[in-house]
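Dear colleague,

Please find below the structure that I am handing over to you.

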Amino acid sequence: NAGPLTRTVIASTLNARGGAGLEFDTLGVFRQGAKVEVVYDAPGPWAQVKGKLDNGTDVTAWVADQYLR
């Protein structure tokens, strides 16, 4: 087992949302270089990730996966 899939945020800031879509509230932002664990890489442009926001809060949230590497 390879373990959790980790990705790095490549946008200067990346909105962490409560759901997979722009209509969902922003919970905070991940900063460029932040490491996130991919929980679910949904078909389409969204991925559910776990990580630490720039304010230090641990979250599980949705992000636009084009800004992950």
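A residue is called buried under 20% relative accessible area, exposed over 50%, and partly exposed in between (1.4 Å probe, protein chains only). The model is predicted, so local features need pLDDT of at least 70 and side-chain atom pairs count only at pLDDT 80 or more, while totals for chains, interfaces and linings use all residues. Residues are numbered from 1 along each chain as its sequence is written, and side-chain values use heavy atoms, with hydrogens and water left out.

I begin with the overall fold. The chain has six strands and zero helices (DSSP runs, numbered from the N terminus: E of at least two residues for strands, H or I of at least four for helices). Its radius of gyration is 11 Å, close to the 11 Å that the globule rule gives for 69 residues, so the chain is as compact as a globular protein of that length. That radius is taken over C-alpha atoms, and the rule is 2.2 Å times the number of residues to the power 0.38. The C-alpha trace spans about 35 × 25 × 20 Å along its principal axes. Of the 69 residues, 38% are buried.

Turning to charge pairs, the structure contains two salt bridges, the term denoting a side-chain nitrogen of Lys or Arg within 4 Å of a carboxyl oxygen of Asp or Glu. In one of them, Arg31 and Asp54 meet at 3.0 Å, N to O. This pair links distant parts of the chain, 23 residues apart: Arg31 belongs to strand 3 (residues 26-31), and Asp54 to the loop between strand 5 (46-52) and strand 6 (58-64). Arg31 is partly exposed at 43% relative accessibility, and Asp54 is likewise partly exposed at 39%.

Lys52 and Asp58 also form a salt bridge, with their closest N and O atoms 3.3 Å apart. Asp58 is exposed, at 58% relative accessible area, whereas Lys52 is partly exposed at 46%.

Arg17 lies in strand 2 (residues 13-17). Its side chain reaches the backbone oxygen of Leu22 at 3.4 Å. Beyond its neighbours within four places in sequence, Arg17 is in contact (heavy atoms within 4.5 Å) with residues including Phe24, Trp46 and Trp62.

With kind regards

Notes. Polar contact = N/O pair within 3.5 Å; in protein donor to acceptor, adjacent residues only side chain to side chain.
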